[in-house]
Amino acid sequence: MAVERVYNFAAGPSAMPESALKTAAAEMLDFRGSGMSVMEISHRSALFQEVFDGAKAKLKSLMRVPDTHEILLLQGGATTQFAAIPMNLLEGGTADYAVTGNFSGKAAEEARKYGKVHLAADTSDTGHDRIPAQEELSFSPNAKYFYYCANNTIFGTEWHYVPEAGAPLVCDMSSDILSRKVDVSRFGLIYAGAQKNMAPAGLTVVIVNKALAGRELPITPKILSYETMIRTDSLLNTPPCWCIYMLGLTLDWVIREGGIPAMEQRKRQKAGMLYDFLDESRLFKAHARPESRSWMNVTFRTGSDALDAEFLKGAAERGLVNLKGHKLTGGIRASLYNAVPVEGAKALVEYMKEFEYRHV
Ligand SMILES: Cc1ncc(COP(=O)(O)O)c(C=O)c1O
């Protein structure tokens, strides 16, 4: 039976590489001659260990994770890390948080339960349409870490520089991991919910400098302790086996496509097409300021809720789906994660041009 795929611009869970889905489908009933699917085998079996080690090794190689850092494959989504980070790293002291969107705001709120939070920046005054410059960041003396979110999925802004802070950098890369080169050695901790550029929802990747582990508050549950998870190689309990398998298949695709440089080039091509059109459009207006624009989540609107709704309806009819903006912002959002093909962005721009022609 012929399968008709749409162009899926969802913010997460989001599009996955077709080759990964096909391999998973082909291996569903009999994984590597076991007569079982990956979902049905023990997480303590040699067969699963191969899957686990393979996914970790591919991620280590693609992101060039140095031996000083450990990759953890955890559960609980990015939101669990909002609590795990202060429980492990704050030691009841002060941490600096740059609040540039919804998720960094939530992370700061959670951290306040475990110590003091100093706002190094807060861009809510302009509707989170920008990323602060290095000179605007305010640091507190003796901060345990500096926290920021590299890409604001909802507002469509992205840090185009790595901030210089006296304290270890802690970064939420949920929505731009594997889409740009990152010097991991500069970070104390990087984490990401997998459901955008990596795997199905249910897996959280944490890359932590091992020197920062072992300082958790006594109340920290074992399952949230970086020290425990490093010691048990993320296998304290049953890990999200299926998601880890899918991560491996996605990483195979990233490697075949040319690695992170290829992903970066492609995201610039896709978002570039949209921003080029938005800059000359007489109907659509981008939300983010030009110097802070995200290359992953492009947010825009027509200025009329009724026209936005008409645009979304027409888009869905053409197989351009999940373009509705987040409820906090309204409007339209095109999430251009790694697995969204360049043709998808082209089709979207063509539709925008046509829609504008009809309405202006
Ligand atoms: C940048 C960012 N951080 C955190 C989250 C929360 O992730 P989760 O739903 O995995 O807890 C999201 C969700 O979209 C996100 O985009």
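## Burial and the strand S12

A residue counts as buried when its relative accessible area is under 20%. By this criterion, four of the five residues of strand S12 are buried, so S12 is largely enclosed by the rest of the structure. The model described here is predicted. Across the chain, 56% of the 360 residues count as buried.

## Overall form of the chain

The chain contains nine helices and 14 strands. Its radius of gyration is 21 Å, close to the 21 Å that the globule rule gives for 360 residues, and the chain is therefore as compact as a globular protein of that length. Taken along the principal axes, the C-alpha atoms fill a box of roughly 60 × 60 × 30 Å.

Contacts between parts of the chain that lie apart in sequence are also described. Among contacts with a separation of 6 or more, 66% are accounted for by residues 24 or more positions apart.

## The sheet S11-S12-S14

Strands of a sheet pair through backbone hydrogen bonds, in either a parallel or an antiparallel manner. In this model, three strands form an open sheet in the order S11-S12-S14, and their pairing is antiparallel. The edge strands are S11, covering residues 285-286, and S14, covering residues 332-335. Each of these edge strands pairs on one side only.

Strand S12 spans residues 297-301 and is joined to S11 by two bridges, the two strands running antiparallel. Lysine 285 has arginine 301 of S12 as its bridge partner. The pairing of S12 with S14 is likewise antiparallel and extends over four bridges. Asparagine 297 stands opposite serine 335 of S14. S12, which lies between S11 and S14 in the strand order, is thus the strand with four of its five residues buried.

## Surface and charge

The chain exposes about 15,400 Å², and carbon and sulfur atoms supply 52% of this area. The chain carries 40 positive and 41 negative charges.

How values were computed:
Residues numbered from 1 in each chain as written. Predicted model: local features only at pLDDT ≥ 70, side-chain atom pairs only at ≥ 80, totals over all residues. Heavy atoms only, no water. Pairing = 2+ DSSP bridges. Rg over C-alpha atoms; globule rule 2.2 N^0.38 Å. Buried < 20%, exposed > 50% of the residue type's maximum accessible area, 1.4 Å probe, protein only. Contact = heavy atoms within 4.5 Å. Areas by Shrake-Rupley, 256 points an atom, 1.4 Å probe, with all protein chains shown as cover. Lys, Arg positive; Asp, Glu negative; His and termini not counted. Charge placed at Lys NZ, Arg CZ, Asp CG, Glu CD.
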